[in-house]
Amino acid sequence: MSTTQDKQLSDMKISEVLIPAEKVAHVQLNNPLEHALLVLMKSGYAAVPVLDATYKFAGIIGKTVILNEVLGIESFEMERLSEIRVMDAMAANVPTLTRENSLLDGLNASIDHPFVCIVDKDGYFDGILTRRAILKQVKKDIYMNAYKK
Ligand code: AMP
């Protein structure tokens, strides 16, 4: 039986390298931007998924968008962080895939996005596929093919 270890990227599904939902930092639609910025700063991530109260995927929020929201003419108006909600600043129009999609679909999506959100057929958040996970697999493929020669 082939394991993830010796599989070619082109034969793999997203489910094999997905970071599961319970290990993914996220924020909720109703959270103030202040909370989102705290999560981003403490986790060190540039952006994280946004979920609704039932854990359905809703969008992505990142540090740059948050800072742009509170950027005034000559200074940051940090008090606005507690007034604006995540749902009013997040990017909602982002591609999603399912765990059954191929890793090649994930590779295509990750060209434009540092991570891709994975949802089930009802839109519930399943986890993320990161560029790091894809690059690790690309590296394995390159090494495997080099040793075959
Ligand atoms: P990476 O390819 O590992 O650098 O991850 C790319 C991006 O995916 C990060 O900058 C984060 O925005 C996001 N990310 C990775 N891991 C997590 C996680 N455990 N929780 C939330 N976001 C994550």
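Start with the lining of the largest cavity: 6 of its residues are nonpolar, 1 is polar and none is charged. (Ala, Val, Leu, Ile, Met, Phe, Trp, Tyr, Cys and Pro count as nonpolar, Asp, Glu, Lys and Arg as charged, and the others, Gly among them, as polar.) Keep in mind that this is a predicted model, where local features need pLDDT of at least 70, side-chain atom pairs count only at pLDDT 80 or more, and totals for chains, interfaces and linings use all residues. Residues are numbered from 1 along each chain as its sequence is written, and side-chain values use heavy atoms, with hydrogens and water left out.

**Select the cavity lining.** Pick Ile60, Val94, Pro95, His113, Phe115, Val116 and Cys117. The space they line has a volume of about 30 Å³. On a 1 Å grid over the protein atoms alone, a cavity is a set of points where a 1.4 Å probe fits but cannot get out, while a pocket is an open set with protein on both sides within 12 Å along at least five of seven lines; lining residues have an atom within 4 Å of a point. Grid points are joined across faces, edges and corners, and a volume is the space filled by probe spheres set on the points. Now colour strand β6 (residues 115-119), which gives the most to this cavity lining, with 3 residues. (Strands are DSSP runs of E, at least two residues, and helices are runs of H or I, at least four, numbered from the N terminus.)

**Move to the largest pocket.** Its volume is about 380 Å³. Of the 18 lining residues, select Tyr45, Ala47, Pro114, Phe115 and Ile128, the closest to its centre. Strand β3 gives the most to this lining, with 3 residues. By class, the pocket lining has 14 nonpolar, 2 polar and 2 charged residues.

**Now show the ligand.** The ligand sits in the largest pocket, meaning that more than half of its atoms lie within 2 Å of the pocket's grid points. The elements giving two or more residues to the shell around it are β3 (47-51), β7 (125-130) and α4 (131-148).

**Zoom in on the contacts.** Here are three N/O pairs to look at (polar contacts are N or O atoms within 3.5 Å):

- Tyr45: an N or O atom in its side chain is 3.2 Å from a nitrogen atom of the ligand.
- Ala47: a backbone N or O atom lies 2.5 Å from a ligand oxygen atom.
- Arg132: a polar backbone atom is 2.8 Å from an oxygen atom of the ligand.

Technical notes: A polar contact is a pair of N or O atoms within 3.5 Å; within protein, one must be able to donate a hydrogen and the other to accept it, and residues adjacent in sequence count only if both atoms are side-chain atoms.
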